[in-house]
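Hi,

Here is the structure I promised to pass on. Have a look at it first, and then read my notes below.

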Amino acid sequence: MTAYAAEHMPARAPLERPAQTFRSVNRTRALRKPGGLVDLLWRWSAFIPTVALTVALCVSLTRYLAQDGVMLVEGFVLSLVALTFVWLAFAVNTACLGLVRVTVDRRRRPVRAEQAPMDVALLIPVYNETTWDVFGNASAMLKELTRHPDANRYTLFILSDTRDPEIAAQEERAFAALRREHPGVHYRRRLENTDKKIGNISDWIENWGAAYTAMVVLDADSLMSGVAIRQLAHALAADPDAGLIQSRPMLIGAQTLFGRVQQFSNSVYGWLVAEGLASWSQHEGNYWGHNAIIRTRAFAESARLPHLRSWRGNKRLILSHDFVEAGMLRRAGWAVRLLPRVDGSYEETPQTLIDYIVRDHRWCHGNMQHLRILAARGFHVISRIHLLQGALSFLMSPAWLAVVLLWSFVGTGSDAPISYFSMSNPLVPLWPEQERDVAWIYMALVYGMLLFPKLIAATLFGLRRSTRRAYGSGTMYVGSIFVELFFSVLYAPIMMVQHTKATLYALLGRPVRWAPQNRGKTGYGWLATLRFHWIETLLGGVLLAGILSGNVPLLILPIAFSLAAAVPLSKLSALSVIAGPRVLRMDTPHTLVEPRIVSAARSERAWMKSILTEPQSIAAE
């Protein structure tokens, strides 16, 4: 039994959560409206061209490499090329499908339908977060919902797992202030954070979930307008098959160079990928852990996560729980959908490169666990693809790094033998001169495919005068695109090495520290930054030395430079750009014309901070 500080909660309404396993299936229903021929065409269009392009490339490379039979090392190189290319091809194909989807379906909002009123809970799980930010956001969302009420009834719960006594005391004071403004809000703090966020949400479902038809799960940095919340609620009510509907959160609040790069990329390019993802995922969509609405009973009946067993037999919590919960909902017969056009769904992004990498390290450990769940019984094939994608998003980095190191250190002799590898000494390569041309062509192909989704999205977005004006002007829009592309390419090799490191740690079972995300923008000192990036710096120095000596091909220079300069680039990522040149600010419509909910949240945060920093608090009254 979980211990509580729960005097601010309503009467309990227990909801049973039957145990689930990955070895058996408890299907409770079937979709009323399964996908038809059109849905199959969308799905085939995502996968068939991807496989065809990859097979064509592999056949071409095999014919080129195997003039005298494919050696072991050649086969390894070919496998790496195939793995990296299929990932790129699928990303490009998803972007193309997004373009087609937007062209043929121009509806911006979900269709509203007559519905019975629902009780909807807004859940904000927190763990040692900045108190005035969390409660300020909550106040802003509640005011938005009360400004234009609908038939549904919305109740907000702040579910605390905070361990720090000082922050816990602040939460109590903040809740007292919030409840004076919004009497219907609730707050509960668990005295033991069993199973982390999973346990926090599960505890609420098991003790209060029966009273609510649906729950909107938010993160500590989530912010949703009243319009967005109501859109999700209406979409869930209009689709009796839907067990979960995910919105596409837009990034806000970035003030540093790295944060603005992420925010601009999300604004200009993210929509195309989201549209493509929705086109082929359909009823088998994914869950990103926040800014989504969930049918409470469906989730309770089908998505209670079992623990995994370590190699030594110890229980292990599933860290990246959201992907798995989506798969469990779908195997129970509930649809999981993505609505990429819901307006007013926001979240924040880490402000510095180091904070972004630290968050990715946590995600990596969870995504590697997905490999053990791929064979779970009853999962839909698309749910398995989502799980595999989560793992491959990190496994691609070791593959890319291996390709870079092979190109760099295997050697590029000027002789022109018939075969790359001698049968008498198969581990010592003798690269022909034309291999250099092939390497350049492959590098150009890789960069082209990496940039293609961004370029096509930016071009299509910029064709409309209203869009260019929303980003400041046509000149600022184009300039910001080049700045974003420049820094994205510059930071990519650093992320490649760090993801490789995180992947190796995860596969070796190194524990991950669970801590709240650093949402500040102050950056780190030079020594701390060097300690964090010493591997990249060393590897970059070795590559540069190899280039200068002629032993490493010149095409590795951009990667070598980024790695060698990892420390100053990481320091640069924390540079505040708010007062800098406009092109470095990479403005978006949300920074030039701030949405009402964002302005309201900033005002409510300031109000809450003034209360919590005053000597005499409202809690003392």
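In which hand of crossing does helix 3 pass helix 4? The crossing is right-handed, a word used when the near helix is turned clockwise from the far one by less than a right angle, with left-handed for anticlockwise.

Before more of that, some ground rules. This is a predicted model, in which local features need pLDDT of at least 70 and side-chain atom pairs count only at pLDDT 80 or more, while totals for chains, interfaces and linings use all residues. Residues are numbered from 1 along each chain as its sequence is written, and side-chain values use heavy atoms, with hydrogens and water left out.

The overall picture

The protein comes to 22 helices and 13 strands (DSSP runs numbered from the N terminus: H or I of at least four residues for helices, E of at least two for strands). Of its 621 residues, 54% count as buried, meaning under 20% relative accessible area with a 1.4 Å probe and protein chains only; over 50% is exposed, and in between is partly exposed. Take the contacts (heavy atoms within 4.5 Å) between residues at least 6 apart in sequence: 85% of them join residues at least 24 apart.

Two helix pairs

Back to helix 3 (residues 131-147) and helix 4 (residues 165-181): their axes come within 9 Å and cross at roughly 25 degrees. Axes here are lines fitted to C-alpha atoms, for helices over the stretch in contact, and angles run from 0 to 180 degrees between N-to-C directions. That makes helix 3 roughly parallel to helix 4 (under 35 degrees; over 145 is roughly antiparallel, 65 to 115 roughly perpendicular and the rest oblique). On the helix 3 side you'll find T131, W132, F135, A138 and S139, which meet I167, Q170, E171, A174, F175 and L178 in helix 4. By class, this contact has seven nonpolar, three polar and one charged residues. Nonpolar covers Ala, Val, Leu, Ile, Met, Phe, Trp, Tyr, Cys and Pro, charged covers Asp, Glu, Lys and Arg, and the others, Gly among them, are polar.

Helix 15 (residues 474-507) and helix 19 (residues 566-573) pack at about 125 degrees, with axes 11 Å apart, and are therefore oblique to each other. Helix 15 passes helix 19 in a left-handed crossing. Here F487, L490, Y491 and I494 of helix 15 meet A566, L569, S570, L572 and S573 of helix 19. Those residues divide into seven nonpolar, two polar and no charged.

Two covered helices

Ten of the 13 residues of helix 6 are buried, so this helix is largely enclosed by the rest of the structure. Among the buried ones are R230, Q231 and H234. Helix 6 (residues 226-238) reaches 18 Å from first C-alpha to last, close to the 18 Å expected at 1.5 Å a residue (that is, 1.5 Å times one less than the number of residues).

In helix 10 (residues 321-331), eleven of eleven residues are buried, including D322, E325, R330 and R331. Just after helix 10, G333 takes a positive phi of about 105 degrees.

Two single residues

N93 lies in helix 2 (residues 72-104) and is buried, at 13% relative accessible area. Not counting residues up to four places away in sequence, N93 touches S45, A46, F47, P49 and T50.

L392 sits in helix 12 (residues 381-409) and counts as buried at 18%. Leaving aside neighbours within four places, L392 contacts L83 and W87. L392 and C364 are 28 residues apart in sequence and 9.9 Å apart in space, C-alpha to C-alpha.

Cheers
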